[in-house]
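Subject: Structure handed over, with notes

Hello,

Here is the structure for you to look over. My notes on it follow below.

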Amino acid sequence: MANLKQLSQLPERLAPGHRLCAGCGASMCVRQVLMGVPEDCQPVVGCATGCLEVSTTIYPYNAWNVPFIHNAFENSAATVSGVEAAFKAMQRAGKIPENKKCKFVAFGGDGGTYDIGLQSLSGAMERGHDMVYVCYDNNAYMNTGIQRSSATPKGAWATTSEVGKAQQGKPQIRKDLASVIAAHHIPYVAQSTVGHWKDLTAKAEKAFACEGSAFLVVLAPCPRGWRYSEDLTAEICRAAVNSKYWPLFEVENGVWNLTPVKEKKQVPLEDFLKPQGRFKHLFKPENADLLEEIRADVDSYWKYLEGMQAATHPAEDAE
């Protein structure tokens with residue numbers, strides 16, 4: 001894994017000057033993930049319609065320093081899998097040199113990945129295309145007005161999961177997409193955040209080194225939708241991990257490995273929730289039970305991951 005000095009000397013594959021908001025996690029995700037592409041490979045990027053695409057490709061400008069394909073909201077995985085298949089077919093036909101190396105990567109937000117792009121994503125993963133799919137997860141349909149998605153956490157405010165007499169934010173628990181994709185039995189699945197550059201770039205390197213499909217889901221906070229100060233993005237990510245709200249883990253060829261939270265860095269769940277305006281209602285006395293329910297959900301998911309880790313490691317590893 002490259003160190004920070006080495007990473008800082010890599011070419012920028014997403015140029016500055018795009019229109020993404022200050023503090024946006026999406027651009028941080030792209031920059032860190034593409035640092036994992038091997039130096040002798042050409043990355044080819046597809047991007048679903050969303051915040052990342054509309055803010056980096058405003059005609060006649062383009063912030064991408066790599067071959068880039070704009071996809072519809074729902075079909076980034078299908079497009080990139082088709083490009084990967086075409087590339088291999090052209091190599092077999094002798095139209096592209098056999099020693100030409102490309103890495104194919106699709107980016108999509110949680111709306112275009114967890115929800116309306118799930119069928120496309122599942123098909124690409126099941127077919128085993130040699131590609132990396134990256135979900136920059138900002139927990140809602142931010143580009144179209146902060147509507148809730150299936151990645152939106154329980155209790156969070158969104159414009160379609162309002163706070164009022166009828167409900168206190170989204171009533172459902174968020175979808176565990178990493179587990180859904182791991183169930184496709186692909187070589188590599190991982191969960192990370194844009195606030196943990198060392199973890200994310202290392203996992204990106206592993207994903208690009210795979211032969212076959214790989215999937216990364218990356219917590220990429222949105223200051224506008226989450227209602228926090230734009231300078232706190234990395235800090236919010238660290239609180240998400242250290243409170244066990246957003247565990248870091250990877251699944252390599254079916255073996256689960258949970259990145260443990262160091263005891264000295266552990267923080268209460270409130271340290272993640274309180275800085276965000278979308279959760280402010282949880283701290284009203286009448287919502288004490290809902291807050292405890294969310295805390296129980298966090299503990300339950302951590303125990304689930306511990307169980308998956310124990311179940312997929314040889315017995316001698318536990319001795």
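This is a predicted model: local features need pLDDT of at least 70, side-chain atom pairs count only at pLDDT 80 or more; totals for chains, interfaces and linings use all residues.

Salt bridges

There are ten salt bridges in the structure. Three of them are described here.

In the pair Glu12 and Arg31, the N to O distance is 2.4 Å. Glu12 sits in the loop between α1 (4-8) and α2 (25-34), while Arg31 belongs to helix α2, so this bridge ties together parts 19 residues apart in sequence. Both ends are partly exposed: Glu12 has a relative accessible area of 35%, and Arg31 has one of 40%.

Glu84 and Lys88 also meet through their side chains, at 2.9 Å from N to O. Both are in helix α4 (residues 76-92), four residues apart, which puts about one helical turn between them. An α-helix has 3.6 residues a turn, so residues three or four places apart point the same way. Glu84 is buried at 4% relative accessibility, whereas Lys88 is partly exposed at 36%.

Lys154 and Glu293 form a salt bridge in which the closest N and O atoms are 2.7 Å apart. Glu293 is in helix α12 (residues 288-312) and Lys154 is in the loop between β6 (147-148) and α7 (177-182), so the bridge ties together parts 139 residues apart in sequence. Lys154 counts as buried, with 13% relative accessibility, and Glu293 as partly exposed, with 39%. Through shared partners, salt bridges join Lys154, Glu293 and Asp297 into one network.

Helix α8

Does the length of α8 agree or disagree with what its residue count predicts? At 1.5 Å a residue, the 13 residues of this helix (residues 197-209) should span 18 Å, and the end C-alpha atoms are 18 Å apart, so the two agree. The buried residues of α8 are Asp199, Leu200, Thr201, Ala202, Lys203, Ala204, Ala207 and Phe208.

Regards

Methods. Residues are numbered from 1 along each chain as its sequence is written. Side-chain values use heavy atoms; hydrogens and water are left out. Helices (H or I, at least four residues) and strands (E, at least two) are DSSP runs, numbered from the N terminus. The expected span of a helix is 1.5 Å times one less than its number of residues. Buried means under 20% relative accessible area, exposed over 50%, partly exposed in between (1.4 Å probe, protein chains only). A salt bridge is a side-chain nitrogen of Lys or Arg within 4 Å of a carboxyl oxygen of Asp or Glu.
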